[in-house]
Amino acid sequence: MKYISTRGGMAALEFSDILLEGLAPDGGLAMPEQLPQVSAETLESWRGLPYADLAFEVLSLFATDIPADDLRRLTRAAYTQETFNSEDIVPLRPLDGGLSLLGLSEGPTLAFKDMAMQFLGQVFEYVLGKRGTTLNIVGATSGDTGSAAEYALRGKRGVAVFMLSPHGRMSAFQRAQMYSLQDENIHNIAVRGVFDEAQDIVKALAGDLAFKTKYRLGAVNSINWARIAAQVVYYFHGWLRATSKPGQQVSFAVPSGNFGNILSGHIARSMGLPIRRLVLATNENNVLEEFFRTGVYRPRPAEQTYATSSPSMDISRASNFERFVFDLVGRDASRVKALWTSLARDGSFDLSDLLPQFESRYGFVSGASSHGDRLATIRSVYDATGVLIDPHTADGVKVARDFIEPGVPMLVLETALPAKFSETIEEALGHPAKPPGNLADLESLPQRVEVMDCDQAEVRRFIEAHAKV
Ligand SMILES: *Cc1c(COP(=O)(O)O)cnc(C)c1O
């Protein structure tokens with residue numbers, strides 16, 4: 001399996017080569033040259049596999065340059081009952097009215113980012129070890145991604161993490177989650193400013209080529225292909241758990257922001273997994289819902305991006321969307337390039353000529369949800385089933401309900417646990433959500449964080465002093 005760029009300007013590369021990179025050199029994103037196909041017989045032979053071994057089967061189709069024994073060791077190290085607090089790793093729980101929840105948030109940071117990040121931590125350490133090199137991850141976070149990266153890379157050889165966060169602007173639970181890590185290779189930097197200012201410092205450092213090369217700076221952002229590949233696994237797992245015979249169809253509803261999660265569903269479907277519909281759910285920031293309704297993609301500027309009660313979906317520009325468009329236009333890289341040129345020039349592009357294919361050929365449908373919808377959905381699910389869902393998952397349930405069909409299981413991806421967003425649970429139900437038992441005293445643990453001004457030079461000096469060499 002080789003990887004090419006959505007914009008056509010990259011020589012075909014192996015999985016391990018694209019693992020440590022961000023954008024392709026031509027500004028595009030890496031995609032498999034051809035998608036592997038999984039036959040009905042192969043799919044049946046995977047029934048009953050433990051999650052880690054299913055992950056091996058699926059990922060071995062993508063990471064063809066990693067020897068099978070090594071890859072199996074990596075997936076078994078990533079997906080343990082100990083890390084995921086669950087024997088099944090990804091439990092499937094029935095709700096009411098034909099819906100089930102696919103539990104992707106049993107990992108250490110209580111959100112689905114752990115599913116991909118735990119594998120990434122293993123495979124980073126492995127590839128760096130093979131190549132005898134080191135990597136310093138520098139990033140900015142307002143919550144989920146940064147903490148998932150820290151938990152995945154803590155204690156790993158050859159890699160250090162420098163994660164900037166806005167001082168005093170995360171929830172007490174989120175702060176405790178990140179800052180309580182005591183591993184010597186994890187560095188929390190709280191800057192006196194907002195998230196965008198932290199992000200600007202990271203961009204400036206990564207843009208300084210001499211600094212970037214000398215300290216081998218890397219990123220673990222949402223466009224990383226290994227993350228997308230690792231997420232494909234749970235679509236297979238969900239299908240295998242929800243069906244009992246070949247060819248049976250299942251729909252998935254996906255709370256979406258950067259289009260990473262649902263892109264993995266699109267990949268699984270393109271590999272032959274019998275997925276009927278991919279239901280894309282947004283919150284009030286409905287750029288993607290608008291695209292699937294109208295065929296026009298119009299990202300919004302930061303000042304038109306609302307701060308909502310499903311904050312991890314407050315995204316106006318969907319960084320993985322280009323990969324889906326690549327398939328949509330028949331893998332015509334020159335057309336993708338032209339679309340992104342007109343996006344930069346006009347602020348939008350129009351693919352309404354392909355609108356009829358969105359559902360008929362690719363299974364995509366979409367809907368949007370509001371703060372009021374989230375509260376009502378959290379309440380109705382709790383009243384009907386006693387199950388507490390988080391606000392992002394509530395966006396998924398709300399939209400999924402419009403697309404339920406008799407005889408087709410609808411699996412809503414649970415992208416976070418309610419304890420992470422307890423303020424909204426309290427608003428909906430009048431009482432907060434309790435963290436899982438093992439995290440009950442997280443907020444009383446000692447914390448390790450450097451507080452700094454929003455000063456690029458100060459952050460730079462700190463990295464120079466603590467980087468892996
Ligand atoms: C990241 C995130 C999302 C959005 O996922 P994308 O892959 O960006 O579409 C949804 N819910 C939660 C809780 C998240 O952390």
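**The loop position and its surroundings**

Modeller: Ser142 has a relative accessible area of 45%, so it counts as partly exposed, a class that lies between under 20% for buried and over 50% for exposed. The model is predicted, and what follows should be read as a description of that model. Ser142 sits in a loop, with β5 (135-140) on one side and α7 (144-153) on the other.

Setting aside residues within four places of Ser142 in sequence, its contacts are Met170, Gln174 and Phe195. A further reference point is Ala160: this residue is 18 places from Ser142 along the chain, and the two C-alpha atoms are 19 Å apart.

Gln174 is one of the buried residues of α8, together with Phe173, Ala176, Gln177, Met178 and Tyr179. Helix α8 spans residues 172-179 and is mostly covered, with 6 of its 8 residues buried. What do these buried residues pack against? Their partners are α7, β6 (159-166) and β7 (186-192).

Now the ligand. There are 15 residues around it, and those that come nearest are Lys113, Asp144, Gly257, Asn258 and Asn261. By class, the shell holds 8 polar, 5 nonpolar and 2 charged residues.

For Asn258, a backbone N or O atom is 2.7 Å from an oxygen atom of the ligand. For Asn261, the corresponding distance from a backbone N or O atom to a ligand oxygen is 2.9 Å. For Gly260, a backbone N or O atom lies 3.2 Å from a ligand oxygen. The ligand taken alone exposes 380 Å², and the protein buries 96% of that.

Last, the annotation. An unreviewed UniProt entry places "domain: Tryptophan synthase beta chain-like PALP" at residues 107-331. In the model, residues 107-331 are 45% helix and 17% strand, with end C-alpha atoms 35 Å apart. UniProt, again in an unreviewed entry, lists "domain: Threonine synthase N-terminal" at residues 2-79. That span is 40% helix and 8% strand, and its end C-alpha atoms lie 26 Å apart.

Notes
Residues are numbered from 1 along each chain as its sequence is written. This is a predicted model: local features need pLDDT of at least 70, side-chain atom pairs count only at pLDDT 80 or more; totals for chains, interfaces and linings use all residues. Side-chain values use heavy atoms; hydrogens and water are left out. UniProt positions are given in the numbering used here, feature names are shortened, and annotations may be inferred rather than shown by experiment. Helices (H or I, at least four residues) and strands (E, at least two) are DSSP runs, numbered from the N terminus. A residue is near a molecule or strand if one of its heavy atoms lies within 4 Å of it. A polar contact is a pair of N or O atoms within 3.5 Å; within protein, one must be able to donate a hydrogen and the other to accept it, and residues adjacent in sequence count only if both atoms are side-chain atoms. Accessible areas come from the Shrake-Rupley method with a 1.4 Å probe; for residues, only the protein chains shown count as cover. Ala, Val, Leu, Ile, Met, Phe, Trp, Tyr, Cys and Pro count as nonpolar, Asp, Glu, Lys and Arg as charged, and the others, Gly among them, as polar. Buried means under 20% relative accessible area, exposed over 50%, partly exposed in between (1.4 Å probe, protein chains only). Contact means heavy atoms within 4.5 Å.
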